[in-house]
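Visitor: Please show me the model, and then let us go through some of its local features one at a time.

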Amino acid sequence: MLKVGVLGAGHLGKIHLRLLNQSEEYELIGFYDADLINGKAVADEFGYTYFENMNDLIDAVDVIDIVTPTLSHYDCAKKAIEKGKHIFIEKPITTTCKEAEHLLELEEKHHIKGQVGHVERFNPAFTAVKEAIKDPMFIETHRLAEFNPRGTDVPVVLDLMIHDIDAILSVVNSEVKQINASGVSVISKSPDIANARIAFKNGCVANLTASRISLKNMRKSRFFQKDAYISVDFLEKKVEVVKMKDAPETPGEFDMVLQNAEGLKKQIYFENPTIEANNAILDELDSFAAAINNNTTPVVSLKQGTQALKVALQIIESFDTKKL
């Protein structure tokens with residue numbers, strides 16, 4: 001079992017502590033929180049060992065799980081990597097590309113492994129159809145959330161949209177060509193609702209919408225590709241896969257057949273992939289342990305986390321050029 005320590009005991013940090021304590025892959029050594037009062041309160045309530053000094057915790061473990069506010073991600077990760085510790089770091093990886101790229105250099109220099117907490121990669125609805133998403137040419141995503149003061153210290157792009165950015169980059173095998181975006185601040189000082197159009201060099205176009213001031217929650221993505229339409233509901237953990245193939249010469253009574261203007265006939269059929277219930281956060285943490293133990297590349301590497309951050313920041317820069 002890998003010895004692990006958690007930095008940060010806020011809302012998400014408490015979830016990580018609970019799951020790491022349950023995991024068969026890790027031995028939870030303890031946690032550090034910059035707020036002494038909160039740290040001791042969490043220790044008293046749940047029985048986890050509280051370290052008043054971050055460096056002492058880093059020295060005592062093999063893996064550091066960074067669940068602190070984004071502004072402190074870089075400093076925490078840098079300290080852990082320089083001590084030769086593997087790092088799991090919540091999304092977004094850092095606040096700037098320069099910081100993220102320096103972590104990549106440190107990762108290589110100190111021969112450690114790092115993973116970024118883009119948890120939707122482990123959503124059972126997405127994993128059920130990911131292999132079926134091949135060369136999508138149009139993608140549409142909607143990630144809408146009811147207002148929550150937590151997370152409003154960063155633009156909605158870094159808070160919510162970055163989940164979809166990472167998922168899209170994981171299935172589109174192409175570089176970004178152009179980004180156009182708009183963002184509006186309604187309640188917060190930073191944009192609360194945003195829309196971005198990402199054009200890739202291979203011709204794929206992705207249209208992303210994110211809002212944290214909606215009346216209902218929604219997390220849906222739709223992928224359109226040659227002879228297939230795939231819909232993923234990340235919130236309800238449901239998928240819809242509609243495919244087309246050449247129609248048989250003699251269709252069955254219940255076969256759905258379409259004919260285009262040229263007379264080409266296609267049969268529409270549905271697939272129902274099996275969706276297995278899981279705890280996505282536990283799965284991502286356990287997958288990181290497997291990557292360390294088997295010396296394999298983590299599912300969401302620091303490099304991939306950096307790529308998602310770069311696109312997110314390009315979207316935010318596009319807001320600035322429009323003076324929104």
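Visitor: Is Ser-231 buried or exposed?
Guide: This is a predicted model, in which local features need pLDDT of at least 70 and side-chain atom pairs count only at pLDDT 80 or more, while totals for chains, interfaces and linings use all residues. Residues are numbered from 1 along each chain as its sequence is written, and side-chain values use heavy atoms, with hydrogens and water left out. Buried means under 20% relative accessible area, exposed over 50%, and partly exposed in between, with a 1.4 Å probe and protein chains only. Ser-231 has a relative accessible area of 10%, and therefore it counts as buried.

Visitor: In which strand does Ser-231 lie, and which residues is Ser-231 in contact with?
Guide: Helices (H or I, at least four residues) and strands (E, at least two) are DSSP runs numbered from the N terminus, and on that basis Ser-231 belongs to strand β11, residues 228–233. Contact means heavy atoms within 4.5 Å. Leaving aside neighbours within four places in sequence, the partners of Ser-231 are Ser-221, Arg-222, Lys-238, Val-239 and Glu-240.

Visitor: What is the phi of Lys-237?
Guide: Lys-237 is placed in the loop between β11 and β12 (238–246), and with 36% relative accessibility it counts as partly exposed. Most residues other than glycine have a negative phi. Lys-237 is not a glycine, although its phi is positive, at about 60°.

Visitor: Which elements do the buried residues of α8 pack against?
Guide: Helix α8 (residues 280–294) has 15 residues and reaches 21 Å from its first C-alpha to its last, close to the expected 21 Å, the expected span being 1.5 Å times one less than the number of residues. Among its buried residues are Ile-281, Leu-285, Phe-288 and Ile-292. The buried residues of α8 pack against β1 (2–7), α1 (11–22), β2 (26–32), β3 (63–66), β4 (86–90) and β5 (114–117).

Visitor: Where does Asn-295 lie, and what is its relative accessibility?
Guide: Just after α8, Asn-295 takes a positive phi of about 55°, although it is not a glycine. Asn-295 belongs to the loop between α8 and α9 (302–322), and it counts as exposed because its relative accessibility is 61%.

Visitor: Are α4 and α5 roughly parallel or roughly antiparallel to each other?
Guide: Axes are lines fitted to C-alpha atoms, for helices over the stretch in contact, and angles run from 0 to 180 degrees between N-to-C directions; those under 35 degrees count as roughly parallel, over 145 as roughly antiparallel, 65 to 115 as roughly perpendicular and the rest as oblique. The axes of helix α4 (residues 73–82) and helix α5 (residues 97–110) come within 10 Å and cross at roughly 10°. The two helices α4 and α5 are therefore roughly parallel.

Visitor: What is the omega of the cis peptide bond that joins Lys-91 and Pro-92?
Guide: Pro-92 is found in the loop between β4 and α5. Most peptide bonds are trans. The bond joining Lys-91 and Pro-92 is cis, with an omega of about -15°.
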